[in-house]
Amino acid sequence: MTQVYFAAGRALWAEYGGPLQTALAEAGLDATLTDTCPDPAAVDYIIYAPSSPLQDFTPFTGTKAVLSLWAGVERIVGNITLTQPLCRMVDPALTMGMVEWVVGHTLRHHLGMDRHIINPGHRWDNTCPPLARDRPVAMLGMGALGSACADALRALNFPVTGWSRSPRPGCLHGTDGLTTALHTAQIVVTLLPKTPETENLLNAARLALLPRGAVILNPGRGAIIDDDALLGALNTGHIGHATLDVFRTEPLPQDHPYWSHPRVTVTPHIAADTRPASAARVIAENIRRGQAGEPFLHRVDRTRGY
Ligand code: NAP
């Protein structure tokens, strides 16, 4: 009997317990799922979230994998007691949510919707927006989420330049690639993980590469942007607007200048959420793979940090 320990906390157990039981049964697994820790040495798989009280993985000597319910793993990856394979969440429903957020906010800025939604002076401004084909977008991060968002924007005719860490077909990479991607982008979407390499990636020098009035959408991680540099660029109008979903400190402190800045939209880390039914199927598939001796899906590379 496979022992699965749900260590992601009480609140998530209420949401995930049922869907996980169903998914394990559908995968044909003979598994016991519990939210109380049995003998740690007997646990085969740990289902995990960074908010979990479990921080010391040393006693879990027989554990074959730690399966995160979160896509971002920056709060787990540095835990030196976690030596077992770590898999992150790539949930098809989470991806759908991210695509909807990115497409929605891209269209808001592309179409200049605010001018018409907030128009107290009843101004007859009949300037038509350009077509999407004339609005270049840079997608920083072309992983599970960035590539799905790039596909959706391309389907609407936006010319999307992707940028990733390693060479990928049709994508730019490296410092020169980033310079090229930023040089012409009118809208920049960041879907990068937080790692030592991506922290403050969008600093004053890189923001200065963008054409005047460019828009930033950040549903990736707050630390990717140098906040002071962004506020400076927003104050001069060099950056026309920033729509930010993620922040260095969450919830965003009430006195943070982003809240009241006229060129900033704050969304409270709602771009994309893991959905229990589909995420449970991803977890069950990884347990099935572990039991069958097959490679795990979405395994985190600790040296890269994502
Ligand atoms: P992923 O599949 O791991 O993709 C990450 C992408 O970033 C890859 O293309 C990777 O390049 C690229 N990258 C990483 N480090 C880089 C570097 N130093 N320079 C250039 N490119 C780099 O991750 P994902 O599933 O798409 O998720 C991306 C991030 O979205 C997560 O880490 C998380 O922070 C965030 N997220 C936010 C929400 C929300 O609600 N706001 C929800 C889920 C996730 P390679 O292709 O070369 O590996």
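Predicted model: local features only at pLDDT ≥ 70, side-chain atom pairs only at ≥ 80, totals over all residues.
Residues are numbered from 1 along each chain as its sequence is written, and side-chain values use heavy atoms, with hydrogens and water left out.

Start with the overall layout. The protein chain is assigned domain 1 (2–91 + 274–292) and domain 2 (93–266), with bounds that come from an automatic or database domain assignment. Taken over C-alpha atoms, the centres of domain 1 and domain 2 sit 33 Å apart.

Now look at where they meet. Eight residues of domain 1 are in contact with six of domain 2, contact being heavy atoms within 4.5 Å. The two domains bury about 660 Å² between them, 54% of it on carbon and sulfur atoms; that buried area is the accessible area (1.4 Å probe) that two parts lose on being put together, summed over both. On the domain 1 side, Glu74, Asp91 and Arg275 lose the most area to domain 2, together accounting for 58% of what that side buries.

What about charges? Side chains of opposite charge can pair when their charged atoms come close. The rule used here asks for a side-chain nitrogen of Lys or Arg within 4 Å of a carboxyl oxygen of Asp or Glu. It gives twelve salt bridges in total, and one across the interface of domain 1 and domain 2. Arg221 and Glu74 form a salt bridge, with their closest N and O atoms 2.7 Å apart.

Rings of Phe, Tyr and Trp (its six-membered ring) pair if their centres lie within 6.5 Å, and planes under 30 degrees apart count as stacked, over 60 as edge-to-face and the rest as tilted. The whole structure holds five such pairs. One of them is Tyr5 with Phe60: the ring centres are 6.1 Å apart and the planes are at 15°, so this pair is stacked. Tyr5 is in strand 1 (residues 2–6) and Phe60 in the loop between strand 3 (45–48) and strand 4 (65–68), 55 residues apart. Strands (E, at least two residues) and helices (H or I, at least four) are DSSP runs, numbered from the N terminus.

Finally, two backbone details. The peptide bond from Glu250 to Pro251 is cis, with omega near -5°, and Pro251 falls in the loop between strand 11 (239–244) and helix 8 (257–260). His122 has phi near 50°, a positive value in a residue other than glycine.
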